[in-house]
Amino acid sequence: MPLDQLTDEEIESEEGKEMSFLDHLEELRWHIIRAVGSIFVFALIAFVYIEDIFRIVIMGPKNPDFWTYRMMCKLSEISGYTDLCVTKLNFELQALGVSDQFTMALTSSAIIGLCFAFPYAFWELWRFIKPGLRNVEKEAARGAVFFVSLLFLLGLFFGYFIVSPLAINFLANYQITPDIKNQFDITSYIGILVTLSLGCALIFQMPMIAYVLSKVGILTPKFMREYRKHAWIVILVVAGIITPSPDIYSQVLVALPLAMLYEVSIIVSGRIEKARLKAQRELMNS
């Protein structure tokens, strides 16, 4: 039985004992079951409303009246760069296989379930990891679930509303010759949407990665400042890759948030280093 289902007296008794390897596996199993269960529940809800989800969410970046395209048209009016405004997406979607639509419904439901359940699923895994940490490490990791979940959701929205529409717009309107019509498989379209959205959700974990690496002494703010220019070049390259559109505005829209995340990572690493130096001085004075 997992520790969170024991009474207070039983917990105190269990904490005084060293858990065996099999006990740890049993504890991990229950956390995984609850995490997967939460994903399944959200996936089931998504499957019930899959028609509306497909029409509004998944097919959203396919329509010229999508929020991002409307904002791009307003930006084009301000900047005078008319090519930035999206008025037409020159492609059609089709399902080639007999079971493709049903398979896509199941796959999309599972992915949506993962996105909605991520904060709870991560919290469950964190509950398994946390008891093995020392008090100092627990104190340092306070708020980890909140910040990881927040960054994941911010990255997910950034990927869905910014990166994916820019990529889909460019790929949909790109033609070698007018004789070739763009008729894409639905699996290819959803693959791009999911890859870019979840990819950005992972990229947005940069400050948390910097936090962890700084805590273990691998990363320092001095190192990040020295290689800031190199990092900006890498960010521009990444922005150019995930936004294949050749116009500079699209790349800047993607590169700016990534550069901000890098600067935030420097601040996070700097605070960790200051706290470590302060603790060392207090230890020497004592």
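Modeller: Let's start at Phe66, which counts as buried at 8% relative accessibility. Buried here means under 20% relative accessible area, exposed means over 50%, and partly exposed is anything in between, using a 1.4 Å probe and protein chains only. Before we go on: this is a predicted model, so local features need pLDDT of at least 70 and side-chain atom pairs count only at pLDDT 80 or more, while totals for chains, interfaces and linings use all residues. Residues are numbered from 1 along each chain as its sequence is written, and side-chain values use heavy atoms, with hydrogens and water left out.

Now for the rings. Those of Phe, Tyr and Trp (its six-membered ring) pair if their centres lie within 6.5 Å; planes under 30 degrees apart are stacked, over 60 edge-to-face, and the rest tilted. That rule gives 16 aromatic pairs. One of them is Phe66 with Phe161, a stacked pair with 5.8 Å between centres and 5° between planes. Phe66 sits in the loop between α3 (50-58) and α4 (67-79), while Phe161 belongs to helix α7 (residues 144-173), so this pair ties together parts that are 95 residues apart in sequence. Helices (H or I, at least four residues) and strands (E, at least two) are DSSP runs, numbered from the N terminus.

Another stacked pair is Phe118 with Phe152, 3.9 Å centre to centre and 15° between the planes. It also links distant parts of the chain: Phe118 is in helix α5 (residues 100-129) and Phe152 is in helix α7, 34 residues apart. Both of these residues, Phe118 and Phe152, are buried.

Thr68 lies in helix α4 and is buried at 5% relative accessibility. Leaving aside residues up to four places away in sequence, Thr68 touches Phe161 and Pro165, where a contact means heavy atoms within 4.5 Å.

A charge sits over a ring if NZ of Lys or CZ of Arg is within 6 Å of the ring centre and within 35 degrees of the ring normal. Lys62 lies over the face of Phe91, 5.6 Å from the ring centre, and the charged end of Arg127 sits over Trp123, 4.6 Å from the centre of its ring.

Moving on to Glu92, you'll find it in strand β1 (residues 92-94), partly exposed with a relative accessible area of 49%. Glu92 and Phe184 are 92 residues apart in sequence, but their C-alpha atoms are 6.2 Å apart in space. Besides Phe184, Glu92 touches Asn182 and Gln183, again not counting residues up to four places away in sequence.

Finally, zoom out. The protein chain has 12 helices and 2 strands, and its C-alpha trace spans about 75 × 50 × 25 Å along the principal axes. Of its 286 residues, 35% count as buried. Among contacts between residues at least 6 apart in sequence, 80% join residues at least 24 apart.
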